[in-house]
Amino acid sequence: MTESTTPMFEIENLHASIDDKEILRGVDLTINMGEIHALMGPNGSGKSTLAYVIAGHPSYEVTEGSIKYFGEDILEMEPDERARKGLFLAFQYPTVIPGVSMANFLRMAVTSVRNARADAAAVNGGAVERMAPREFRRLMKEKMSLLKMDDSFATRYLNEGFSGGEKKRAEILQMALLEPTMAVLDETDSGLDIDALKVVSEGVNALAGKEMGVLLITHYQRLLNFIKPDHVHIMLEGRIAQSGGPELAHELEAKGYEGLRAQHATAIA
Ligand SMILES: Nc1ncnc2c1ncn2[C@@H]1O[C@H](COP(=O)(O)OP(=O)(O)OP(=O)(O)O)[C@@H](O)[C@H]1O
Ligand SMILES: [Mg+2]
């Protein structure tokens with residue numbers, strides 16, 4: 001056996017609480033570059049909580065365990081620092097920000113992240129260019145057409161009056177512009193019609209390739225027909241109770257969580 005290299009993203013024995021209520025109760029999960037991991041599990045099992053803890057939401061208290069990103073402990077970092085280092089979270093319920101246009105919001109977010117990356121590269125003698133406004137507009141147009149989004153989106157206020165599916169597309173647009181290294185997508189498929197599902201999946205697939213790791217939270221096997229996961233995990237009561245390949249999602253579709261719970265209980269006993 002050769003010595004193993006540092007995983008890109010590694011969660012170990014993660015425990016997290018909200019208002020002294022323990023939600024995550026020992027999560028272990030490793031994601032390497034280029035891998036797509038699907039996370040499934042019943043309502044209330046802790047999937048979104050995990051996504052929020054990864055992003056650094058201040059309401060959640062991590063009581064035990066670690067999250068390492070390229071070997072670095074991210075729990076010590078502020079959410080914006082995590083974002084600048086290439087972590088991205090698409091929320092299950094995107095927030096509305098009246099008065100801030102999509103284009104302005106994205107320009108601020110994208111230039112901040114890209115320029116931080118450029119500065120970091122410069123320190124190491126690299127040559128990633130800082131982003132000029134003109135370049136941003138070109139890039140946004142390109143990504144919007146890739147996601148088949150109407151130009152009018154750019155001037156609308158962030159998520160205000162967006163339909164459910166439009167909000168999800170806006171999240172993927174943000175991801176396409178940020179080009180994160182590690183993306184957590186929380187139910188990005190919910191509320192999407194079949195055409196939008198294809199467009200969003202194509203967007204994720206186009207980015208996933210070798211350059212990004214993905215944690216895809218979903219309730220539906222259907223999404224996994226479009227975005228092929230390398231690994232599927234089932235979360236039950238704040239822990240990953242079972243992991244497998246894509247066949248696990250099919251098994252779940254057939255048996256439901258009750259079937260898996262029973263199996264899990266027998267395995268533990
Ligand atoms: N602010 C809070 N106060 C108390 N309990 C909370 C709070 N936020 C989340 N919880 C609880 O944490 C548990 C996990 O919630 P979470 O949103 O992570 O579930 P989920 O797996 O994403 O579910 P879903 O599939 O419905 O999206 C739930 O029981 C929820 O009620
Ligand atoms: Mg959730």
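**A loop residue and its setting**

Mentor: Phe70 counts as partly exposed because 15 other C-beta atoms lie within 10 Å of its own; by that count a residue is buried at 20 or more, exposed at 12 or fewer, and partly exposed in between, with C-beta atoms placed from the backbone. This is a predicted model, in which local features need pLDDT of at least 70 and side-chain atom pairs count only at pLDDT 80 or more, while totals for chains, interfaces and linings use all residues. Residues are numbered from 1 along each chain as its sequence is written, and chains are lettered from A and ligands numbered from 1 in the order in which they are written.

Phe70 sits in the loop between β4 (61–69) and β5 (72–73), where helices (H or I, at least four residues) and strands (E, at least two) are DSSP runs numbered from the N terminus. The phi of Phe70 is near 50 degrees, a positive value in a residue other than glycine. Asp20 also has a positive phi, of about 65 degrees, although it is not a glycine, and Asp20 too belongs to a loop, the one between β1 (9–18) and β2. Asp20, however, is exposed, since 7 other C-beta atoms lie within 10 Å.

Of the 269 residues, 36% are buried.

The largest nonpolar core has 67 residues, and those with the most contacts inside it are Ile54, Met182, Ala183, Val214 and Leu216. Helix α5 (residues 164–178) gives the most to this core, with seven residues. Such a core is a set of buried Ala, Val, Leu, Ile, Met, Phe, Trp, Tyr and Cys residues joined through C-beta atoms within 7 Å. Leaving aside residues up to four places away in sequence, Ala183 touches Phe88, Met175, Met212 and Val214, a contact being a pair of C-beta atoms, placed from the backbone, within 7 Å.

In helix α3 (residues 102–123), the buried residues are Met102, Leu106, Val113, Arg114 and Arg117. They cover an arc of only 90 degrees around the axis, which puts them on the same side of α3; the arc is that of the directions from the helix axis to the C-beta atoms. The face of α3 turned away from that buried side carries the exposed residues Met108 and Val123.

Finally, there is the ligand site. Ligand 1 has 13 residues around it, of which Asn43, Gly44, Lys47, Ser48 and Thr49 come nearest. The elements giving two or more residues to this shell are β2 (21–31) and α1 (47–55), and the largest share, three residues, comes from α1. A residue is near a molecule here if its C-beta atom, placed from the backbone, lies within 6 Å of it.

Definitions and conventions: Two residues are in contact if their C-beta atoms, placed from the backbone, lie within 7 Å.
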